[in-house]
Amino acid sequence: GDDGDDAGSGDDSSENAEDADAGADSDADDGADTDTDDEAESSEDADEAAGGVSGDIVVFGAASLTDTFTELGEQFEAENPDATVTFNFGASSALAQQIISGAPADVFASASPATMQQVTDEDLAAGEPVVFVSNRLEIVVPAGNPAGITGLEDFTNEDLTIALCAEEVPCGAASVKVFEAAGLTPAPDTYEEDVRATLTKVELDEVDAALVYRTDVIVAGDSVEGIDFPESGEAVNDYPIALLSEAPNSEAGQAFIDFVLSEAGQTVLGDAGFDLP
Amino acid sequence: MTSPEPRGRGTGIPPVLLVPAALGLLFLILPLVGLLLRTPWADLGEHLGRPAVLEALRLSLVSAVLATGICLVLGVPLAWVLARATIPGIRLVRALLTLPLVLPPVVGGVALLLLLGRRGLIGQHLYEWFGLSLPFTTPAVVIAEAFVAMPFLVIAVEGALRGADRRYEDAAATLGAGRWLTFRRVTLPLVAPGISAGAVLCFARALGEFGATITFAGNFPGVTRTMPLAVYLALETDPEAAIVLALVLLLVSVAVLVSLRGRWITGTSS
Amino acid sequence: MTSPEPRGRGTGIPPVLLVPAALGLLFLILPLVGLLLRTPWADLGEHLGRPAVLEALRLSLVSAVLATGICLVLGVPLAWVLARATIPGIRLVRALLTLPLVLPPVVGGVALLLLLGRRGLIGQHLYEWFGLSLPFTTPAVVIAEAFVAMPFLVIAVEGALRGADRRYEDAAATLGAGRWLTFRRVTLPLVAPGISAGAVLCFARALGEFGATITFAGNFPGVTRTMPLAVYLALETDPEAAIVLALVLLLVSVAVLVSLRGRWITGTSS
Amino acid sequence: MSGVQAALTIRRGSFDLALDLTVAPGEIVALIGPNGAGKTTALHALAGLLRLSTGWIRIGDRAVDDPGAGIFVPTERRRVGVVFQDYLLFPHLTALDNVAFGLRTQGRSRAESREAARTWLERVGVARHAHSRPAELSGGQAQRVALARALVTHPRLLLLDEPLAALDAGTRMEVRSELTRHLRDYDGATLLVTHDPLDAMAMASRIVVLEGGRVVQDGPPVEVARAPRTEYVATLVGLNLHRGRATDTVVQVDGGGELHVAEPTTGPVLVSFPPSAVTLHVHRPEGSARNVWPGRIVSLEQQAHTVRVQVDGEGHPTVLSDVTALAVAELDLAVGAPVWVSFKAAETHVYPA
Amino acid sequence: MSGVQAALTIRRGSFDLALDLTVAPGEIVALIGPNGAGKTTALHALAGLLRLSTGWIRIGDRAVDDPGAGIFVPTERRRVGVVFQDYLLFPHLTALDNVAFGLRTQGRSRAESREAARTWLERVGVARHAHSRPAELSGGQAQRVALARALVTHPRLLLLDEPLAALDAGTRMEVRSELTRHLRDYDGATLLVTHDPLDAMAMASRIVVLEGGRVVQDGPPVEVARAPRTEYVATLVGLNLHRGRATDTVVQVDGGGELHVAEPTTGPVLVSFPPSAVTLHVHRPEGSARNVWPGRIVSLEQQAHTVRVQVDGEGHPTVLSDVTALAVAELDLAVGAPVWVSFKAAETHVYPA
Ligand SMILES: Nc1ncnc2c1ncn2[C@@H]1O[C@H](COP(=O)(O)OP(=O)(O)OP(=O)(O)O)[C@@H](O)[C@H]1O
Ligand SMILES: Nc1ncnc2c1ncn2[C@@H]1O[C@H](COP(=O)(O)OP(=O)(O)OP(=O)(O)O)[C@@H](O)[C@H]1O
Ligand code: MOO
Ligand SMILES: [Mg+2]
Ligand SMILES: [Mg+2]
């Protein structure tokens, strides 16, 4: 996971972020009419510019993006009345597997650079993936913090019931890094399959503490409490997005990516608790 | 032939067995009760009315029914062969059939992609020759469900066929009925309770199928997003909504099963 | 009574049925072949030798066997009651039993947590009074598997019981056998093929169980990480390794089933 | 008094059974009657496999079924033994274990039970098949195993539904004797359902005839054989039977015609006479026989040593006559041929209807 | 020539059957024999439900089973009709639909099939139960439905395994006549397995006796009834039978003792005589009867109109004697009592063994 993380973001993300900003500005101000100005560079048909992009856009998105991307999709469709965005939400790994098997997708937004790597390794991404958000870990405890958790040190307490994400999934990989950075050896009772399962355990008060993403703590609402900790900055998980090389509607797909990177898009993501690149 | 109808012996259930039976029932029912207690009932109506939910429900029912249909058409003959064939190695074949049960459904979905995907063993030819791409379509949902659910049908029906008295088939043959006719008119009705049990298993499993479906068919609203997928997604954002959706799924399936089984069992029970 | 042994009619399989039977077989087997072709065989030995894999395998087998045992003990009596009881509403109960089949396993796991978790309906008392906490323990794995797998057993056995000739039970009663003895010595042997089919379904389903297990029991190596959990997690990072692990699971289950079914069926088939 | 007393009333769809029955300890009662008369139904009720609609059953001083009083003792505690009409041998057990089953339920050891079972299999002549499954037995072998299975537990009430029906003639005689002998030593009550008059005559001390769910005759075998009260019983015991109204020695037969009898009576009567007493002639016979009339042959049936000829009397009663094969040839008897029948008034038996 | 010709050889475990059989078209052959003789086995082989080990079967000019030639025609194409020993009525169909089944397989319409089925149910007397399921029929009713089901399709070879066994005496006679009449019009071959000598005698034109898988006698009923060749057949037809060696009119009986016969012969012979010809006496009888010896009563068995007494001759042959109930009372006959038996040489029938 480490190599992927580092390799993924870097230059690409900043480069593209500028790109996106440009697009986002015009979007926000002038609405649909002008939003395709930039697209026109990559697309030959100037006459299409008038009504914005059109057709079906198929976006494969990590399940953790369900809420935010659904909202982004609605906004995008409002700005491009001729376009329809269809999402296929699932575990990033399953989505990667589907894309490799020839799924007719335009855009892939993964929850980890490693899964994106599986796609790029097969030369299925058009251009370099762009990191559009990142997510950081937070300690999560049941409402009222019955076990009195204060920081990462409590995770070494054998008497507490602790849940962590499995190392194989992104939030688990991040957890490992966090504990390395803190020089602690955690004593978990379970390695959960994904963030969602981890959170469920906390929501139901089955565990005393867990590490999840900040976005998830926000989604969970009042049933849990989040506790920030200093080492969280050591393991930021990047979400890359990419246009696919076999995209049936690559022009519109690119438009959607641009929209995600636009200010409007970034606002929605930021409100959900994501760190913006 | 005479079977005493108003049975003197009541149901013949040994009282000792009532205790484990009751425990078994509680074991299966109580978790659902736990679920019911946590349900935000007020939201039920609202969720039920949402077009997306109705769409998922319709898709779930349609695809589970189709999958069950496919399983019946392919699975009953297969069960028959397994129950009757005396060729060596049949035992291995029988064990192979249980594999899709053991296979984690997600892996099953991957296997289906490897077979029928656009780059799959068979899928690539379907795509090249007919431009046909199965994954991410409603037929893919049906295929995924059928793949996962068929072994249930096959094994249940095979058990029933083994228990059936083959001499009735002999009797049918002496009346001039070929194998096919005998199969349709004698064997099938005789094992109807077993087939009905198998079909119920199959239907229920298809209705609840998640892993293979999301992997092989994807999760597109209106096309491949069945109720279990909707429940999964809701779980990501709003666990209470997920529980409500799961309950909707349960209610509908109880309704379907009560009505179906009622009909199947009448007239075939001895 | 006389049943012709060296049957003149062969297996009695109508040739028309061989086509769908073959299709059904292919449908179930081909995806596995797809999987096999993608398997990095060279790694198989290595994976098989890894202690973590062996541990998960052992845990899977032990918990699936225990779950099947629980299902047999509770499920066979329950099937009996369902097949025999004539109380009104039994049809509804029968439909309720299929719910754990329909319930997405993850939701089933949540339901189990709501019931048996530390704050659950029953779990809170277990915790307060006995300091007992089920989740994240091996018993929780067994419970999750049993919850998901029991309906298969119950429905299959119920089908077999319905198909059985009850007059043999009458005959046993006239010989002084009470209900319990009749159950053990007459009914059970008569429906043995059905029970064996049900147990196979149940065992296989328990062996492959993923969603409810990870949700209710969690995932800790050596305690609750069964093979399907290991497979799923491997899928996240290394799909090829996942396929190898899945194959290991399949091979073991085929081996178990071939040997078990062989034994069960000998002596009970008619 | 122990034994069995019962007043059975059972409704099954359009059929209903009303049967008062008493079987003393040690007594063997044969229940006979046409198909569908309710014999198996009665037997199932006594065994507790079928509940009474109304009425009661007492087995040995103890009420075992009495819907009015809310009493119902289940089959397994009635201590009855049953041989079922279609055997119902447990298909998963060998013949030996089928027979041992009832002993095992009494808690006897496996070895002891098998020993006793083997003895019984020997008695009924199928010891050779002790280790066969029911599917490997012939019909008669299966029935003998069923017989042994019911007898081995020494039940207080033994219920036999056609126990000898599938046995071949030789075995039948043997098993019949063996059964009679065993039942003679046996202090329980026995109810035997059979279609075979010989079985009923040979084994039972009393015969109860059931028709359409009602008792039509009840008496010792000799009495039933001599004075059948219905056509069914007459056929069973091989007699001609006619119902009519007597005035001295002449009986006006209900179906038409008249019969001359020896004993003078008046009122409604039954007249019976054996087919062997009826002679057939090609021409009108001269002689002392007072019953003489012409008729036409309706049917001829070969029997072991005679041919049974049915003659339609055309205004006179229809009669059966047993003649030798020689007579058939000499008189050139054939269906449709005209013949004269004659029999002596002294051969008839008259009794009140 | 059509009809059926067969040379059957079948092994089943320790049992083996070897039977050469020919049934001409229109002929009715009765196959009789003790339980386990192989009757059902033979019948299943002819029906194609069991393959031959060796041998061959021809039905109407066509080989249907010949392992040597690799020929095997499956049951459904043999055009046979079978009445099974335990009926095997389809439990899920009504009586009417059970009977209509065979016609439906021939592609006839449902209405037409039901019509024909109803006619047949009427013939066998169970039209009233047309809409009952097998479970709701009495044993006899079920068997009559099975009979109708086999007959309705007019098969070329009709195989009947104990078709009348569960029928009551009245119906039995009726169904027997009806069956005989139907079979007379029927140009196919009929093989009838039965234990009832009356059925065999009345319906068959030839009787084949099977014992232990081998034919022991084969001939017309009258011949079999007059000259039984084995004890089984003798019991069946109700005759005393002894095997011995003749020198003129004296036969040294194999089991000991001698018999006086009327016809002079030499060599191994069989001697038969009817029980009714044997008289019992308390004291040594005077008179013309040449066969006279003392013995002891072994058993007494009530029959419809007589009592059958078995007398152990103590050095002389054991014989059966039929006496009237009156005689039993007058002579005070009981098991163990000493008696004298006597019968005339003229009553015996002697024929080569
Ligand atoms: N499936 C079988 N396996 C082994 N032996 C068998 C099987 N079926 C029958 N037999 C044996 O074959 C012999 C002949 O049986 P069959 O049923 O032909 O007798 P049957 O003449 O019809 O007797 P019954 O009059 O009692 O019906 C018997 O000894 C029986 O035990
Ligand atoms: N389960 C049932 N439901 C309805 N009617 C039934 C049922 N069982 C039997 N009957 C009817 O009850 C009547 C009596 O049947 P039963 O079996 O007692 O006759 P049976 O005297 O034993 O005749 P058989 O000599 O033919 O065996 C028959 O008319 C039969 O059709
Ligand atoms: O795509 Mo995920 O659900 O964060 O692994
Ligand atoms: Mg009966
Ligand atoms: Mg037989």
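Author: What follows takes the ligand sites in turn and then turns to one of the chains.

This is a predicted model, in which local features need pLDDT of at least 70 and side-chain atom pairs count only at pLDDT 80 or more, while totals for chains, interfaces and linings use all residues; side-chain values rest on heavy atoms, with hydrogens and water left out. Residues are numbered from 1 along each chain as its sequence is written, and chains are lettered from A and ligands numbered from 1 in the order in which they are written.

Around ligand 2 there are 21 residues, of which Lys39(D), Thr40(D), Thr41(D), Ser138(E) and Gly140(E) come nearest, where a residue is near a molecule if one of its heavy atoms lies within 4 Å of it. Because the surrounding residues come from chains B, D and E, the site of ligand 2 is shared between chains. Its polar contacts (pairs of N or O atoms within 3.5 Å; within protein, one must be able to donate a hydrogen and the other to accept it, and residues adjacent in sequence count only if both atoms are side-chain atoms) include one from chain D, where an N or O atom in the side chain of Thr41(D) is 2.5 Å from an oxygen atom of ligand 2. From chain E, a polar side-chain atom of Ser138(E) lies 2.6 Å from an oxygen atom of ligand 2, and a polar side-chain atom of Gln141(E) lies 3.0 Å from an oxygen atom of ligand 2. Taken alone, ligand 2 exposes 640 Å², and the protein buries 95% of that; such accessible areas come from the Shrake-Rupley method with a 1.4 Å probe, and for residues only the protein chains shown count as cover. Two or more residues of the shell around ligand 2 come from each of helix H1 (39-47) of chain D and helix H4 (139-151) of chain E, helices (H or I, at least four residues) and strands (E, at least two) being DSSP runs numbered from the N terminus. Sorted by class, that shell has 3 nonpolar, 14 polar and 4 charged residues; Ala, Val, Leu, Ile, Met, Phe, Trp, Tyr, Cys and Pro count as nonpolar, Asp, Glu, Lys and Arg as charged, and the others, Gly among them, as polar.

Ligand 1 lies between chains C, D and E, and 21 residues surround it, the closest being Ser138(D), Gly140(D), Lys39(E), Thr40(E) and Thr41(E). An N or O atom in the side chain of Thr40(E) is 2.5 Å from an oxygen atom of ligand 1, a backbone N or O atom of Glu136(D) lies 2.8 Å from an oxygen atom of ligand 1, and for a polar side-chain atom of His195(E) the distance to an oxygen atom of ligand 1 is 3.2 Å. Of the 640 Å² of accessible area that ligand 1 has on its own, the protein covers 95%. Helix H4 (139-151) of chain D and H1 of chain E are the elements that give two or more residues to the shell around ligand 1, and by class that shell has 3 nonpolar, 14 polar and 4 charged residues.

Turning to the metals, the magnesium ion that is ligand 4 has Thr40(D) (OG1) and Gln85(D) (OE1) as its protein donors, 1.9 to 2.3 Å from it; donors are N, O and S atoms within 2.8 Å of the metal (3.2 Å for Na, K and Ca), and water is not among the atoms, so sites may look incomplete. This pair links distant parts of the chain, 45 residues apart, with Thr40(D) in helix H1 of chain D and Gln85(D) in the loop between strand E7 (80-83) and helix H2 (95-105) of chain D. At 11% relative accessibility, Thr40(D) counts as buried, a term that means under 20% relative accessible area, with exposed over 50% and partly exposed in between (1.4 Å probe, protein chains only). Thr40(E) and Gln85(E) are both buried.

As for chain D, its secondary structure comes to 9 helices and 19 strands, and buried residues make up 61% of its 353 residues. Among the contacts in chain D with a separation of 6 or more, 62% join residues 24 or more positions apart, contact meaning heavy atoms within 4.5 Å. Chain D and chain A do not touch, their nearest C-alpha atoms being 49 Å apart.
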